[in-house]
Amino acid sequence: MFFLYAIPITLALDIQHETYRLDNGLSVILIEDHSIPQVVVDTWYHVGSYDDPVGASGFAHLFEHLMFMGTKRIPQGEFDGRMEEFGGWNNATTGADYTNYYDVAPSELLDLLLFMEADRMVGLDITQKKLDLQRDVVRNERRQNYEDRSYGSVWLTVPEMMYPGNHPYHLDGIGSHEDLKAATLETVQHFYRDWYMPNNATLCVAGDFDPTTIKEKIRFYFGQIPERTLPERIIPPIPIKPQEPSKTIYDRIQVPAVIMTWHSPPLYENGDAALDVLADVLSGGNDARLDKEWINAREEVQEFSVFQMSSQKSSLFMVQAYARPGTDLEKLAKELQQEITAIANGSKPVSAEELNMIQSEWEMNFYWKLESNLGRAETLQTYLFHTGDSHYIQKDLNRYLSLQISDLQRAAATYLREDQAAILYVLPEETK
């Protein structure tokens with residue numbers, strides 16, 4: 001259940017919920033909603049590709065796959081089958097800084113979902129056969145989503161251009177073939193012991209549950225799992241400039257592209273929201289600046305994609321321009337930088353009309369993401385993980401609604417400077 005008010009900032013937008021912590025350190029979020037007979041069990045582990053062991057890139061993602069391979073009490077294949085038999089479903093994602101596992105099912109399956117999530121937190125059955133199988137699955141995923149997909153190589157190249165080789169963000173979370181092949185059963189077991197524990201996790205139960213029994217159920221299934229000592233994280237400094245300012249790669253594509261990337265502030269820090277809005281000023285519709293000029297007027301670009309890719313410890317701001325064949329890509333990159341610089345130096349400032357329209361869109365998006373039990377669970381998990389405040393939603397919305405034109409100008413001038421940009425040219429293989 002959530003409450004929406006039409007007057008921005010002055011009245012609170014919130015999701016009714018309760019947070020508490022078990023004695024073993026497991027953080028719990030409860031969101032009660034009886035509007036539909038459905039329940040969501042959403043578990044976040046505070047470990048992601050940032051924590052991949054040295055020489056084992058892609059390990060957090062590989063481990064996500066292994067978490068579905070069965071325990072001593074729930075054999076391989078039954079984790080999905082038991083909930084799907086009654087109309088439930090589940091999935092998981094691995095980010096740079098966290099891994100989440102979410103189950104959605106009719107409310108009568110709540111005990112089963114809690115049991116299975118607690119069981120694989122402590123009782124995962126890892127064997128060499130399962131490791132070999134999932135290693136092949138992940139390597140094939142790399143081929144399908146990165147190596148064989150048009151422009152997929154961009155996501156492998158950009159992190160290498162932006163971060164030094166010893167930084168955890170230097171390699172994409174999918175990992176390299178060499179590191180995945182080198183993964184050992186011992187490394188898997190160590191990773192499980194190091195990171196998968198109650199005091200490194202947050203459990204959210206959202207939906208149609210009995211508030212008089214839910215805490216006892218959670219204590220019964222999770223309360224006996226012992227907490228352990230977490231490894232110490234070493235956080236290297238965040239670079240300001242790219243490691244490689246310019247690079248050209250070739251791909252099986254027909255449309256050449258220019259990818260421009262800058263280092264930007266971490267999620268929720270000053271400048272992060274301003275860059276989100278600035279991305280919408282530049283592209284995202286026929287009236288956006290880059291679309292209007294280079295797609296509609298000049299017809300030099302087929303498509304733009306501009307976004308602030310926010311992470312917990314460091315972010316990237318990206319401009320992707322998919323140019324029409326024959327376009328001078330170096331000239332295009334220079335002119336795109338000039339367009340951004342014109343915002344930064346005030347010669348072409350963002351207008352009040354542009355800002356107001358985008359702020360309204362962001363406000364609407366906040367409401368939309370709260371429509372489902374899963375959406376509310378993931379929203380509160382995100383806030384608790386990144387800010388420590390599960391009630392952060394109004395503060396988050398205020399980050400966008402309180403922005404002034406000067407904030408966007410300052411963000412562009414601070415982070416999107418020409419001497420801080422990395423430019424990646426992606427060309428068709430036949431031009432090599």
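**Reading a predicted fold, one feature at a time**

Q: Which elements cover the buried residues of helix α5 (154–162)?

A: In this predicted model, the cover over the buried residues of α5 includes helix α4 and the strands β9 (246–251), β10, β12 (315–323) and β13 (422–428).

Q: How many of the residues of α5 are buried, and which ones are they?

A: A residue is called buried when its relative accessible area is under 20%. By that cut-off α5 is mostly covered, with seven of its nine residues buried. They are Val 154, Leu 156, Thr 157, Val 158, Pro 159, Met 161 and Met 162.

Q: Is His 170, which sits in a loop, buried or exposed?

A: His 170 is placed in the loop between α5 and α6 (177–182), and with a relative accessibility of 16% it counts as buried. When its neighbours within four places in sequence are set aside, His 170 is in contact with Pro 159, Glu 160, Tyr 163, Pro 164 and Gly 165.

Q: What does Glu 303 touch, and how far apart in space are Glu 303 and Tyr 322?

A: Glu 303 belongs to strand β11, which runs over residues 301–309, and at 47% relative accessibility it counts as partly exposed. Not counting residues up to four places away in sequence, Glu 303 touches Ile 295, Gln 320, Ala 321 and Tyr 322. Glu 303 and Tyr 322 are 19 residues apart in sequence, while their C-alpha atoms are 5.3 Å apart in space.

Q: Which residues other than glycine have a positive phi here?

A: As background, most residues other than glycine have a negative phi. Tyr 268 has a positive phi, near 75°; it is found in the loop between β10 (257–264) and α9 (272–282), and its relative accessibility of 15% makes it count as buried. Glu 299 is not a glycine either, and its phi is positive at about 60°; its place is in the loop between α10 (289–297) and β11.

Q: How many helices and strands does the whole chain have, and what is its radius of gyration?

A: The secondary structure of the protein chain comes to 15 helices and 13 strands. Its radius of gyration is 23 Å, close to the 22 Å that the globule rule gives for 432 residues, so the chain is as compact as a globular protein of that length. Along the principal axes, its C-alpha atoms fill a box of roughly 65 × 55 × 40 Å.

Terms used: Residues are numbered from 1 along each chain as its sequence is written. This is a predicted model: local features need pLDDT of at least 70, side-chain atom pairs count only at pLDDT 80 or more; totals for chains, interfaces and linings use all residues. Side-chain values use heavy atoms; hydrogens and water are left out. Helices (H or I, at least four residues) and strands (E, at least two) are DSSP runs, numbered from the N terminus. The radius of gyration is taken over C-alpha atoms; the globule rule is 2.2 Å times the number of residues to the power 0.38. Buried means under 20% relative accessible area, exposed over 50%, partly exposed in between (1.4 Å probe, protein chains only). Contact means heavy atoms within 4.5 Å.
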